[in-house]
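Here is a short briefing for a first look at this model. Keep the structure open while you read.

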Amino acid sequence: MNQDVELIKKLKNPKFKNKAFKDLLDRYQERLYWHIRKIVVTHDNANDVLQETFIRIFNGIHNFEEKSALHTWMYRIAYNESIRFLEKNKVKSSVSIEQDSNAYIKNLTQDIFFNGNELQLKLNKAISELTDKQKMVFQMKYFDDLSFHQISEILNISENTLKSSYYNAVKAIEEKILAQC
Amino acid sequence: MENSNQHKNNISKLHKDKLGMDIPEDFFAKSKENILNKVIKPEKPKQTIFWLRPMVAYPLAASFLLAIGLTFYLRKNSTKTTEQITNTEAVKTVRSYFNENDFLTSSLLVPDSDIDAYLDNYIVNNVVIETELSEQQLENIFINSVLIEDSLINNYLDKSLIENIVL
C-alpha cells in the first residue's frame, strides 16, 4: 500500500511518470489481465482490453483523486473497459454481461488458449450460469483475491449485498457441479 | 502483502489449473512492450528557431556587443580629439598671452620630445634673423654716422650699438 502511495506520486510527476508506469505494469499487468480475461473470455479480447485499460490509466492518472486505493481504481477501469468492450461487440459475438451459458462456453472452447479438461469446463459452465452479480463477485473474490470492501468500491455495491451474493454463488456452483457429475 | 504477492505469483497458475485458461509464452513481457510503445512516445529533439540556436546565437550576441563597444570607443576617441584641439588652442592662447617672443615662457609649454625642434626653429627665426638685421642696422649706423657731426658721433654710436647689438 505504501509502495502504491510512492508510485502515485511518481506517476503524477512528469519527470518520473514513464519509469513509474513501467513499475505499475510490472505490478498490476498480470492481475488486471486475468480480471479482464474472465469477463471477455478469450485471450485476444483480453489482450485488446488490457491495452486500452492501461492507456486509460496512463492518460487519466492525473485525475485520480486518491479517494480509493490505486489498485481499486485500476480494477474499476479494467471492469468498465471490459463491459464497454462486450457492449460494443454484442452484435458480432452475441457475448454480453447478460450472455447465456451456452454462448459463453462456445466462446471459451473456441479460444486456442483454452486447454481445460472436463472438470474445468464444468466449473466454467457452472460459473457462467450464475447471475451477473454473483458471477462478478465470485470471480473477484475467489480468483482475484480481492476483499469485499475492494469489490464494493469497484462495483459500487454494498458489502453486505456482495457477501450475500458470494455465498449464494458458492452454493450454486457446488450444486451445479454435483448435478453434472 | 505477502499473501498478495503470493497470489500475484500464482494467479496465472490458478487460472490455468481451475479454469483451463492459458496464455502465450512471454505474453506479459510482449504486452508490456506494446503498451509502453503506445503510451510513451519517443522524445523529439527540441526544435529551436534558427537564430536562437547556440551555434548562431552566441556569435550574434558577441558581434552585437562588439558593435556597441566599438561605437562607444570611437565616440570617446572623438571627444579626446576635441579635447586635444581645445588644449592646443589653450596653449596658443597662453603663448600669445605671455608674448610669443618670450622664449623661456614659451619653452615651458613645448613637450620635451619637441624641444630640440623648437630650439632650432627659435634660433633660425630669432637669433639668425636678428643677427642679420643687426648687421644691416650696424651698416646703417655707420652710413648714418658719416652724416652726423663729429661732436655727436660717440654718443650716437654708443646708443645705437646698445640698441641693435645687445638687444
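The largest nonpolar core has 42 residues. Those with the most contacts inside this core are A:L32, A:I36, A:V40, A:L50, A:M74 and A:V137. The model is a predicted one.

**The core**

- Seen by element, two or more core residues come from each of α2 (17–40), α3 (43–60), α4 (70–88), α7, α8, α9 (148–155) and α10 (159–180) of chain A.
- The most is given by α2(A), with 10 residues.
- Domain 1 (1–115) and domain 2 (117–181) of chain A both give residues to this core, so the core lies between them.
- Not counting residues up to four places away in sequence, A:M74 touches A:Y28, A:L32 and A:I57.
- In soluble globular proteins, nonpolar side chains tend to be buried together.

**Chain A overall**

- Chain A has 10 helices and 0 strands.
- Along the sequence, its pattern reads α-α-α-α-α-α-α-α-α-α.
- Of the 181 residues in chain A, 34% are buried.
- Take the contacts in chain A with a separation of 6 or more: residues 24 or more positions apart account for 58% of them.

**Helix α8 of chain A**

- This helix covers residues 132–143 of chain A.
- Its 12 residues should span 16 Å at 1.5 Å a residue, and the end C-alpha atoms are 16 Å apart, which agrees.
- Why is α8(A) described as largely enclosed by the rest of the structure? The reason is that 9 of its 12 residues are buried.
- The buried residues are A:Q134, A:K135, A:M136, A:V137, A:F138, A:Q139, A:M140, A:K141 and A:F143.
- One of them, A:V137, is also listed among the residues with the most contacts inside the core.
- Just after α8(A) comes A:D145, which takes a positive phi of about 60°.

- Helix α7 of chain A runs over residues 118–128, and its residues A:N124, A:A126 and A:I127 are buried.
- These three cover an arc of only 160° around the axis, so they sit on the same side of α7(A).
- A:L108 belongs to helix α6 (residues 101–110) of chain A.
- Is A:L108 buried or exposed? A:L108 counts as buried because it has 21 C-beta neighbours inside 10 Å, and the cut-off for a buried residue is 20 or more.
- Leaving aside neighbours within four places in sequence, A:L108 is in contact with A:V41, A:F114 and A:N124.
- A:L108 and A:N124 are 16 residues apart in sequence, and their C-alpha atoms are 8.8 Å apart in space.
- That pair therefore joins two buried residues, A:L108 with 21 C-beta neighbours inside 10 Å and A:N124 in α7 of chain A.

- Chain B has 6 helices and 0 strands.
- Read along the sequence, the pattern of chain B is α-α-α-α-α-α.
- Of the 167 residues in chain B, 4% are buried.
- How many residues of chain B are in contact with chain A? There are 22, and they are in contact with 27 residues of chain A.
- On the side of chain B that touches chain A, α1 (2–19) and α2 (27–39) of chain B each supply at least two residues.
- By class, that side of chain B has 11 nonpolar, 6 polar and 5 charged residues.

Note on methods. Residues numbered from 1 in each chain as written. Chains lettered and ligands numbered in written order. Predicted model: local features only at pLDDT ≥ 70, side-chain atom pairs only at ≥ 80, totals over all residues. Contact = placed C-beta atoms within 7 Å. Helix = DSSP H or I, 4+ residues; strand = E, 2+ residues; numbered from the N terminus. Nonpolar A, V, L, I, M, F, W, Y, C, P; charged D, E, K, R; others polar. Arc of directions from axis to C-beta. Expected span 1.5 Å × (residues − 1). Core = buried A, V, L, I, M, F, W, Y, C linked by C-beta atoms within 7 Å. Domains from an automatic or database assignment.
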